[in-house]
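We will walk from one stop to the next, picking a few residues each time.

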Amino acid sequence: MATHIDIIQKLNVYPRSQNQDQKKLITLSHLDRQCPLLMYLVFFYKKTTTRDFDSVFSDLKLGLEETLSVWYTAAGRLGLDGGGCKLNLRCNGGGAVMVEAVATGVKLSELGDLTQYNEFSETLVYKPSFDGDFSAMPLVVGQVTRFACGGYAVGIGTSHSLFDGISAYEFLHAWAFNSHNHDKFNGKIINEKDNHVVIKPVHDRGNLLVNGDSNRSLGVTKAAAIYHLYQLIKQAMMTHQGQDHSFGLADSSFVIKTFDLSGEALETMMKKSPEGFLCSSFEFLAAQLWKARTRALGLRRDAMVCLQFAVDIRKRTVPPLPEGYSGNAYVLASVASTAGELLEELTLESIVNKIREAKKSIDQDYINAYMEALGSGEQRNDGNLPPIKELTLISDWSKMPFHNVGFGNGGEPADYVAPLCPPVPQVAYFMKNPKDARGVVVRIGLNPQDVSDFSNHFLGY
C-alpha cells in the first residue's frame, strides 16, 4: 500500500458573497479559547456512481463558497488581543483551504476495518503548518482523496475555537447541502436525504461573554470540573515529587481502540443491571467505561479518580442561547471518587445517580463559575490538558450522526466517518453506529499495556 498521498491541487476558497457583517471582530468566549486547534473527521464513500471524481471536488468547492457566505466566521482568522494573551476571531475573509489528492494504487478495502483507527487516515486530511501564528492558520480545511477502486474520502478539519461538536455538525450539514444545491438559503431548509433541518447560524457569543461583574459567580457555586481537576493536579504533583511532571502519561504511543456495539449487544450488557433499574445507554456506558479504565490502570485504592463529560448548555443558560448558536456551548460535569470506592463499593446504580446529579448541577451559576475559572490566569492556547491518568474524559456524539452528512453522490450519507486522533487522545467518544440505529461506537485512546485489561472489563460486564 502507498505510504503517501499525491497532491493534485491546493486552493484557497473564499465566500461567494460578502457583507459588512463579515468584516467585524468577534470576541470569543472563554469556552472558545480552550482549544484553538483543528479537529479532523474523515468521511469515506466506497464508490462514485452518478458523477466522476472531478465533479466531487468542484461541487464541494462551490458548496463551501456558498456556505462561507453565511458561516463567514469560518473564513476568518484567530488573533491575539492587545495584551497578547486572549484569542478573538477576525472576520477578514481570509478563506478556507481545499486540497484535491489521489492515493495511487490504493483501494479502500486495503485500509481494512474502517471502524478501527488507521494511521493512514492521517494522510487523508490537510494539516497546515503552524508556527504559533494563529493569524496565518485557516479555520476550515478540506481534502478530497480518490482511491483506485473509485471510492473517495473527504477529510475535514475545523477549528475548535470556532465550533463545538454540535455546531461543527450543523456547519458540515450546511456545506453538504450547498454542495448539491448551489442556491443560497435563508432560514431553515429541510435536507430530504435525512430530514435534517439546515439552520441559519448565529455567530455573536452574546451572553456567554463575561462582562465585568454581570456574569461573575458570587462564590456560592463551584465548578466541580475545575475544582476536581485542580485536586487531581495537586495529587499528581505530590505523587511525583522530585520527578518530572509527566503525571503518569508521558508515553505518547497511545493506541486508539474502537468498540462497535450493536443495539443488541448493548441491550445484552444492560440486562445485567439490577432488576428494575433503568438508565440511558450514555449513563450505562459512561459508568462502565469509568470503572473499566480505572481498573485497567491499576491505581492505588486511595487515589482520587474523576469522570468528566461534556454537557451542552444551549438550553441551560439564562436566557437560553439562540437557535443556531455557532460557537462552543459546553462545559464539563464532574464526578469524583477514590479508586477503591469506585471499584469495590459503588454499584452501577449509585454511579449513574452521581452522573445524573452532576449533569443536573449544570445551571447558570455553574456556567458562570466555570467560565470565570477558565478566564482567570494565563491562557494556555495549546489545547492540552495535563495528562493525568486518574481523569477519565467522555464526549458524547451519539446524538450527532456525522455519517448522515451528505458529501456523497447526490447527498448520499457516508459509508463510515472516522475522527482522527484528537489533541487529548485519551478522551472517549461515544458516536452513533452507522449500521445500527440503536448501537453506539466507543472510541478511546489507551496505553498499549492497558488495552487487553480495559477491553475485558469494558465488554465483560
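Start with helix α5, which supplies three residues, the largest share of the lining of the second largest cavity. Helices (H or I, at least four residues) and strands (E, at least two) are DSSP runs, numbered from the N terminus. Before going further, note that this is a predicted model, in which local features need pLDDT of at least 70, side-chain atom pairs count only at pLDDT 80 or more, and totals for chains, interfaces and linings use all residues. Residues are numbered from 1 along each chain as its sequence is written, and side-chain values use heavy atoms, with hydrogens and water left out.

**Stop 1: the second largest cavity**

Select α5 (281-297) together with β17 (440-446): each gives at least two residues to the lining of this cavity. A cavity here is a set of points, on a 1 Å grid over the protein atoms alone, where a 1.4 Å probe fits but cannot get out, and lining residues have an atom within 4 Å of a point. The volume is about 70 Å³, taken as the space filled by probe spheres set on the points, with grid points joined across faces, edges and corners. Now show R293, L297, L446, N447 and D450, the closest to the centre among the ten lining residues. The lining divides into five nonpolar, three polar and two charged residues. In this count Ala, Val, Leu, Ile, Met, Phe, Trp, Tyr, Cys and Pro are nonpolar, Asp, Glu, Lys and Arg are charged, and the others, Gly among them, are polar.

**Stop 2: the largest cavity**

The structure holds four cavities of 30 Å³ or more, and the largest of them contains about 110 Å³ of space. Select L41, W397, M400, P401, F402, H403, Y416, V417, M431, K432, P434 and V441 to see its lining. Ten of these residues are nonpolar, one is polar and one is charged.

**Stop 3**

Next, colour the open sheet of six strands in the order β1-β6-β7-β8-β3-β15, where the pairing is mixed. Two strands pair if DSSP finds at least two bridges between them. At the edges are β1 (6-13) and β15, each pairing on one side only. The twist averages 15° from one strand to the next. Angles run from 0 to 180 degrees between N-to-C directions, and axes are lines fitted to C-alpha atoms, for helices over the stretch in contact.

Zoom in on β3 (residues 38-45), which runs antiparallel to β15 and is joined to β15 by four bridges. Pick V42 there, and you will find A418 as its bridge partner in β15. Contact means heavy atoms within 4.5 Å. Helix α2 (residues 165-180) lies across β3, β6, β7 and β8, running at about 135° to β8.

**Stop 4: a salt bridge**

Which residue forms a salt bridge with D32? Show R205: the closest N and O atoms of the pair are 2.9 Å apart. D32 lies in the loop between β2 (25-26) and β3, and R205 in the loop between β10 (196-198) and α3 (224-239), so the pair ties together parts that are 173 residues apart in sequence. The model has 13 salt bridges, each being a side-chain nitrogen of Lys or Arg within 4 Å of a carboxyl oxygen of Asp or Glu.

**Stop 5: the other sheet and a cis bond**

Now select the six strands that form an open sheet in the order β11-β17-β16-β14-β12-β13, again with mixed pairing. Here β11 (255-261) and β13 are the edge strands, each pairing on one side only. Neighbouring strands are turned by 20° against each other on average, direction ignored. Strands β12 and β13 pair in the antiparallel sense over nine bridges, and V305 stands opposite S337 in β13.

Finish in the loop between β12 (304-312) and β13 (330-338), where P319 lies. The peptide bond from V318 to P319 is cis, with omega near -5°. Most peptide bonds are trans.

Key:
On a 1 Å grid over the protein atoms alone, a cavity is a set of points where a 1.4 Å probe fits but cannot get out, and a pocket is an open set with protein on both sides within 12 Å along at least five of seven lines; lining residues have an atom within 4 Å of a point.
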